[in-house]
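Visitor: I am new to this structure and would like to learn how to read it step by step. Could you show it to me, please?

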Amino acid sequence: ASAQSAPAGAHQLPELGYALDALEPHIDAKTMEIHHGKHHAAYVTNLNKALADRPDLQKLSVEDLLKDLSKVPEGIRTAVRNHGGGHYNHTLFWKTLKRDNRMEHPEGSLADAFGELFENKEQAVEEFTKKALAVFGSGWLWFSVDSGKKLKLESSPNQDNPLMNGRQPLFGIDLWEHAYYLRYQNRRADYVKAFGQVVNWEFIQQRWEKLTA
Ligand code: MN
């Protein structure tokens with residue numbers, strides 16, 4: 001799928017930014033094709049449908065919509081929350097994935113922030129995996145940044161995200177079965193491990209620096 005084939009509307013499906021097989025063997029091309037081209041595309045289509053009669057809301061970024069859902073009328077609020085959340089979450093997710101990363105772990109103030117949450121890298125991975133496995137049903141696990149610029153590990157159900165709770169998502173892992181079922185079936189732990197192999201620390205480091213500037 002491409003931006004050209006995206007539905008007409010205020011919001012557009014972004015390009016993936018790399019080939020569908022770029023994350024193989026950790027995340028397979030077929031999963032990426034369906035995940036981006038079908039699932040993410042559907043969130044965009046349905047967000048546009050929800051906003052079809054509200055040109056005023058069409059002018060807002062998806063981030064601004066999600067930060068304050070109270071300004072979205074009740075009749076379309078759930079649709080904007082689910083599909084707008086889906087659009088935002090996936091747009092960020094694609095950017096946080098990359099194979100053969102030059103950076104293998106966070107540096108500077110981000111490394112310090114991780115150090116405040118975890119004893120070491122092994123314990124961070126252990127805790128992240130444990131929390132990812134504990135998300136029941138469909139949802140996400142996030143590292144977020146709170147208003148005091150502190151790093152936080154939190155999960156969200158469905159397509160919710162930290163923006164809805166006054167925090168900025170730094171990066172998250174999609175824990176919906178559509179993100180891993182083709183290759184990993186019920187083995188979510190294997191998928192979480194694979195995710196760890198394709199974390200784009202360079203992007204995350206830059207995002208952290210922007211969010212905490
Ligand atoms: Mn997904």
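Predicted model: local features only at pLDDT ≥ 70, side-chain atom pairs only at ≥ 80, totals over all residues.

Visitor: Which atoms are the protein donors of the manganese ion, and how far from it do they lie?

Guide: The protein donors are His 35 through NE2, His 90 through NE2, Asp 174 through OD and His 178 through NE2, and they lie 1.9 to 2.1 Å from the manganese ion. Two of them link distant parts of the chain, since His 35 belongs to helix α1 and His 90 to helix α4 (residues 74–95), 55 residues apart.

Visitor: Are His 35 and His 90 buried or exposed?

Guide: A residue counts as buried when its relative accessible area is under 20%. His 35 has 1% relative accessibility and therefore counts as buried, and His 90, with a relative accessible area of 0%, is buried as well.

Visitor: Where is Thr 31 placed, and with which residues is it in contact beyond its neighbours in sequence?

Guide: Thr 31 sits in helix α1, which covers residues 29–50, and, once neighbours within four places in sequence are left aside, Thr 31 is in contact with His 178, Ala 179 and Leu 182. One of these, His 178, is also among the donors of the manganese ion. The side chain of Thr 31 makes a polar contact of 2.8 Å with the side chain of Asp 28, and Thr 31 is buried, because its relative accessible area is 2%.

Visitor: How many aromatic pairs are there in the whole structure, and what does one of them look like?

Guide: Searching the whole structure gives 14 aromatic pairs. In one of them, Phe 171 and Trp 201 are arranged edge-to-face, with 5.6 Å from centre to centre and 80° between the planes. Phe 171 lies in strand β3 (residues 168–174) and Trp 201 in helix α9 (residues 201–211), so this pair ties together parts that are 30 residues apart in sequence. Both partners count as buried, Phe 171 with a relative accessible area of 3% and Trp 201 at 13% relative accessibility.

Visitor: Which residues do the ring pairs link into a cluster?

Guide: The cluster includes Phe 171 and Trp 201 themselves, and its other members are Phe 93, Trp 94, Phe 114, Phe 118, Phe 128, Trp 140, Trp 142, Phe 143 and Phe 195. The C-alpha atom of Phe 114 is separated by 7.9 Å from that of Ala 124, a residue 10 residues apart from it along the chain. Ala 124 is found in helix α6 (residues 121–134), and Ala 124 is buried, with a relative accessible area of 14%.

Visitor: How many helices and strands are there, and what pattern does the protein follow along the sequence?

Guide: The protein has nine helices and three strands, and, read along the sequence, they follow the pattern α-α-α-α-α-α-β-β-β-α-α-α.

Visitor: What does the radius of gyration say about the protein as a whole?

Guide: A compact globule of 213 residues would have a radius of gyration near 17 Å, and the protein agrees with this because its own value is 17 Å. Along the principal axes, the C-alpha atoms fill a box of roughly 50 × 40 × 30 Å. Of the 213 residues, 46% count as buried, and among contacts between residues at least 6 apart in sequence, 68% join residues at least 24 apart. The protein exposes about 10,700 Å², and carbon and sulfur atoms supply 50% of that area.

Technical notes. Residues numbered from 1 in each chain as written. Heavy atoms only, no water. Helix = DSSP H or I, 4+ residues; strand = E, 2+ residues; numbered from the N terminus. Buried < 20%, exposed > 50% of the residue type's maximum accessible area, 1.4 Å probe, protein only. Polar contact = N/O pair within 3.5 Å; in protein donor to acceptor, adjacent residues only side chain to side chain. Contact = heavy atoms within 4.5 Å. Donors = N, O, S within 2.8 Å, 3.2 Å for Na, K, Ca; no water. Phe/Tyr/Trp six-rings, centres within 6.5 Å; stacked < 30°, edge-to-face > 60°. Rg over C-alpha atoms; globule rule 2.2 N^0.38 Å. Areas by Shrake-Rupley, 256 points an atom, 1.4 Å probe, with all protein chains shown as cover.
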